[in-house]
Amino acid sequence: MRILAIESSCDETSVAIVEDGKKVLSNVIYTQIAIHTLYGGVVPEVASREHIKKITYVIEQALNDANLNVSDCDKIAVTKEPGLVGSLMVGINAAKALAFAYNKPLIYVNHIHGHIYANELTNDFHFPLIALVVSGGHTELVLMKKHFDFNILGTTLDDAVGEA
């Protein structure tokens with residue numbers, strides 16, 4: 001099982017191809033840090049415009065790095081939420097276009113769940129477990145008793161640790 005996954009929830013355009021849930025065949029990231037540094041933080045409109053400029057190149061590079069074509073992938077995954085609406089829409093539209101053009105199933109992914117499940121690339125989960133998410137505007141302590149059972153134990157009341 002090969003999944004081509006697109007992530008564009010904030011200011012980085014990322015495409016990875018993962019085989020059998022564990023083996024990363026490619027992972028390409030276009031970062032916008034230098035652009036947003038000029039403004040002292042992420043500017044949503046600028047971020048979405050940069051995603052539009054780079055998404056096809058990042059997809060192409062991820063496929064080249066994995067020595068694959070879209071037709072070699074079984075499914076297309078994309079971040080659906082949470083994130084900057086304009087940025088998310090760029091990734092979602094690219095994923096929808098690929099899924100439609102190549103007749104592939106489309107999987108929508110919650111950005112925060114993705115952070116938690118990224119840990120399964122290197123270690124199997126043993127339940128119950130507690131996950132600490134520190135990502136951009138999100139800081140959460142999450143109890144999981146089984147797969148996809150998320151019980152938020154705590155979160156920040158003001159600024160997220162991930163913004164630091």
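**View 1. Helices α2 and α3 cross at roughly 30°, and their axes come within 8 Å.** Axes are lines fitted to C-alpha atoms, for helices over the stretch in contact, and angles run from 0 to 180 degrees between N-to-C directions. Helices (H or I, at least four residues) and strands (E, at least two) are DSSP runs, numbered from the N terminus. The model is predicted: local features need pLDDT of at least 70, side-chain atom pairs count only at pLDDT 80 or more, and totals for chains, interfaces and linings use all residues. Residues are numbered from 1 along each chain as its sequence is written, and side-chain values use heavy atoms, with hydrogens and water left out.

**View 2. Residues of α2 meet residues of α3.** A47, S48, H51, I52, I55 and I59 in α2 meet G86, S87, V90, A94 and L98 in α3 (contact means heavy atoms within 4.5 Å).

**View 3. Five strands form an open sheet with mixed pairing.** The strand order is β3-β2-β1-β4-β5; two strands pair if DSSP finds at least two bridges between them. β3 (23-31) and β5 (106-110) are at the edges with a single partner strand each, so one side of each has no neighbour in the sheet. From one strand to the next, the twist averages 20°.

**View 4. Strands β2 (residues 12-19) and β3 run antiparallel and are joined by eight bridges.** Opposite S14 stands I29 in β3. Helix α2 (residues 44-66) packs on the sheet and touches β1 (2-7), β2 and β3. The direction of α2 makes about 155° with that of β3.
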